[in-house]
Amino acid sequence: MNLQTVAENGMFAPRRIAEALRTTNDEIARTAGLGRDAVQRKARIGSDRTQRRLREMVEVLNKVEPRFGSALIAYAWYRSEPLAGFDGQTAMQLVQDGRASDVLDYVDAVDAGVFA
């Protein structure tokens, strides 16, 4: 997912992320662990928390997209594939809990050949 296509005025734009992933703003909010207002109100879209969660989600998707060949398949993995060593939680659940760095470390370990 090209960062230029999901950004607007120097910020991550939920609408553009939703368009790139062929889903809705509400779904983007849910998968990033945000409330509906966080992706609808301009003041909330620009908040540190909203931008951080959107950035974390995009970082994870960009990290795994080459493995799957498309952003849509990477998004499906993000939402549905339980990760070994995380009690069956998905990348989405970990990002929602503020553990995006754990997901990125997990993907790096798997890419390096370490069984995670």
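Student: A crossing is left-handed if the near helix is turned anticlockwise from the far one by less than a right angle, and right-handed if clockwise. With that in hand, which way does α3 pass α6, left-handed or right-handed?

Tutor: Keep in mind that this is a predicted model. In it, α3 passes α6 in a left-handed crossing.

Student: Thanks! At what angle do the two pack, and how far apart are their axes?

Tutor: Helix α3 covers residues 25-32 and helix α6 covers residues 71-80; they pack at an angle of about 50 degrees, and their axes are 11 Å apart. The two are therefore oblique to each other.

Student: Which residues of α3 and α6 meet?

Tutor: From α3 you have E27, I28, R30, T31 and A32, and they meet Y75, Y78 and R79 of α6. The residues of that contact divide into 4 nonpolar, 1 polar and 3 charged.

Student: Staying on α3, which of its residues are buried?

Tutor: Those are E27, I28, A29, T31 and A32. The buried residues of α3 pack against α2 (14-20), α5, α6 and α7.

Student: What does the backbone do just after α3?

Tutor: G33 sits there, and it takes a positive phi of about 80 degrees.

Student: How many aromatic pairs does the structure hold?

Tutor: It holds 3 aromatic pairs. Another of interest is F86 with Y106: the ring centres are 5.9 Å apart and the planes are at 75 degrees, so this pair is edge-to-face.

Student: Where do F86 and Y106 lie?

Tutor: F86 is in the loop between α6 and α7 (91-96), while Y106 is in helix α8, so the pair ties together parts that are 20 residues apart in sequence.

Student: New topic: α5 and α8. How do their axes cross?

Tutor: The axes of α5 (residues 48-68) and α8 (residues 100-111) come within 9 Å and cross at roughly 15 degrees. That is under 35 degrees, so α5 and α8 are roughly parallel to each other. The crossing of α5 past α8 is left-handed.

Student: Which residues make the contact?

Tutor: On the α5 side they are E56, E59, V60, K63, V64 and R67; on the α8 side they are A100, V103, L104, V107, D108, V110 and D111.

Student: Now loops. What is the phi of N9?

Tutor: Phi of N9 is near 55 degrees, a positive value in a residue other than glycine. N9 lies in the loop between β1 (7-8) and β2 (11-12). With 76% relative accessibility, N9 counts as exposed.

Student: What about D87, what phi does it have?

Tutor: D87 has a positive phi of about 50 degrees, and D87 is not a glycine either. Its place is in the loop between α6 and α7. D87 is exposed, with a relative accessible area of 82%.

Student: Last one: where is G98?

Tutor: G98 is in the loop between α7 and α8. At 45% relative accessible area, G98 is partly exposed. If you want a distance to check, G98 and V64 are 18 Å apart in space, C-alpha to C-alpha, and 34 residues apart in sequence.

How values were computed: Residues numbered from 1 in each chain as written. Predicted model: local features only at pLDDT ≥ 70, side-chain atom pairs only at ≥ 80, totals over all residues. Heavy atoms only, no water. Axes fitted to C-alpha atoms, helices over the stretch in contact; angles between N-to-C directions. Helix = DSSP H or I, 4+ residues; strand = E, 2+ residues; numbered from the N terminus. Parallel < 35°, antiparallel > 145°, perpendicular 65-115°, else oblique. Contact = heavy atoms within 4.5 Å. Nonpolar A, V, L, I, M, F, W, Y, C, P; charged D, E, K, R; others polar. Phe/Tyr/Trp six-rings, centres within 6.5 Å; stacked < 30°, edge-to-face > 60°. Buried < 20%, exposed > 50% of the residue type's maximum accessible area, 1.4 Å probe, protein only.
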